[in-house]
Amino acid sequence: MECSAHCSNITCNNITGLCTFGCQAGFYGEKCDRDCSSCPTGCGNFTGRCFGDCPVGKFGVSCDKACNQGCKDGCMRDSGVCNRCMDGTYGDLCDKSCGTCPTGCDRISGRCRGDCPVGMFGEFCNKTCSQHCRNGCIRLTGSCNDGCTVGKLGDFCNETCDARHEACCNQDTCTRHFKQSQVPNTDNRSSLYVVITVLCISLLVNIITITWTFRNKACKRQDVNQEKKKDTDTISTPGIYDTTEENAGYQELGQLSRPSHYDHLQGPATN
């Protein structure tokens, strides 16, 4: 059997045709009939895997695949993930655009670094501020930086001035601060008055209830004390009949102790 021209020394087994001493540079396989010329320093005879690193801009087992165009400084050999991204791109393969970011974006999330251009806002600087904002708007919220153009008001300058905002609209600009100070919310104020009135009535009712309860208890306590006093006076004060009977007894004793008529007739005893 004729040997492959890519066998080293063009030597092979006469029966199987397998290269005896391996393959020449840039080829691999049992018969050295497969190309790996993309490997800068050669490849394994059986696997075709390149020795060492791939050239910049290439990846894969045989360094035969091209990195994404957005990759900067090449990509990882096995996965093709970019080492860095070109300005205006992000993602593992740098295949997503963040061209609205003036100073580039985060490689993974795509969020813009630094401030957005005047007139734009959002994490990706891809939202437009209100046309009535003066000097652009805040990056994260979109609320206007320096108030509104004449005739407009509100955080986003999306409300139109009218008679309610006359004091504000006579200024050079209508801002949310003017709106709050010059145009009070009457609905909220009415609700506040109602709540205060209800609270006052409730407090008054509670005071009257508590006062009545304490007075009622005090009256009951006084009635009980008076009843106890009456019972005590009844027990300790003698009755009128008891007193009369005692006086009669004392009178009888007095009569018995007086000298009798016989003692007067007898006269004094003589010696």
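## Salt bridges, a buried lysine and a surface patch

At 60% relative accessibility, D78 counts as exposed, because exposed means over 50%. The model that shows this is a predicted one.

R49 lies in the loop between β2 (34–35) and β3 (58–59). D78 lies in the loop between β5 (71–75) and β6 (82–85). The pair therefore ties together parts that are 29 residues apart in sequence. R49 has a relative accessible area of 35%, so R49 is partly exposed.

How many salt bridges does a search of the whole structure find? The search finds 3.

Another of them joins R84 and D73. Their side chains meet at 2.5 Å, N to O. Here the partners sit in strands: R84 is in β6 and D73 is in β5. The pair therefore ties together parts that are 11 residues apart in sequence. R84 has 44% relative accessibility and counts as partly exposed. D73 is partly exposed as well, at 48%.

Next come R111 and E123. Their side chains meet in a salt bridge of 3.3 Å, N to O. This pair links distant parts of the chain, 12 residues apart. R111 is in the loop between β8 (96–97) and β9 (120–121). E123 is in the loop between β9 and β10 (127–128). R111 is partly exposed, with a relative accessible area of 42%. E123, at 38% relative accessibility, also counts as partly exposed.

Now turn to a charged residue without such a partner. K152 is found in strand β11, which covers residues 152–153. Is K152 buried or exposed? K152 is buried, yet has no salt bridge. The nearest side chain of opposite charge belongs to E159, and that is 9.7 Å away. A salt bridge needs a side-chain nitrogen within 4 Å of a carboxyl oxygen, so E159 does not qualify as a partner. K152 does have a polar contact: its side chain meets the side chain of T160 at 2.9 Å.

Which residues make the nonpolar surface patch of about 310 Å²? They are L192, Y193 and I196. I196 lies in helix α3, which spans residues 186–236. At 42% relative accessibility, I196 counts as partly exposed. Patch residues need over 30% relative accessible area, so I196 passes that cut-off.

Notes
Residues numbered from 1 in each chain as written. Predicted model: local features only at pLDDT ≥ 70, side-chain atom pairs only at ≥ 80, totals over all residues. Heavy atoms only, no water. Helix = DSSP H or I, 4+ residues; strand = E, 2+ residues; numbered from the N terminus. Buried < 20%, exposed > 50% of the residue type's maximum accessible area, 1.4 Å probe, protein only. Lys, Arg positive; Asp, Glu negative; His and termini not counted. Polar contact = N/O pair within 3.5 Å; in protein donor to acceptor, adjacent residues only side chain to side chain. Patch = residues over 30% accessible without salt bridge, like charges linked within 9 Å, V, L, I, M, F, W, Y side chains within 5 Å. Areas by Shrake-Rupley, 256 points an atom, 1.4 Å probe, with all protein chains shown as cover.
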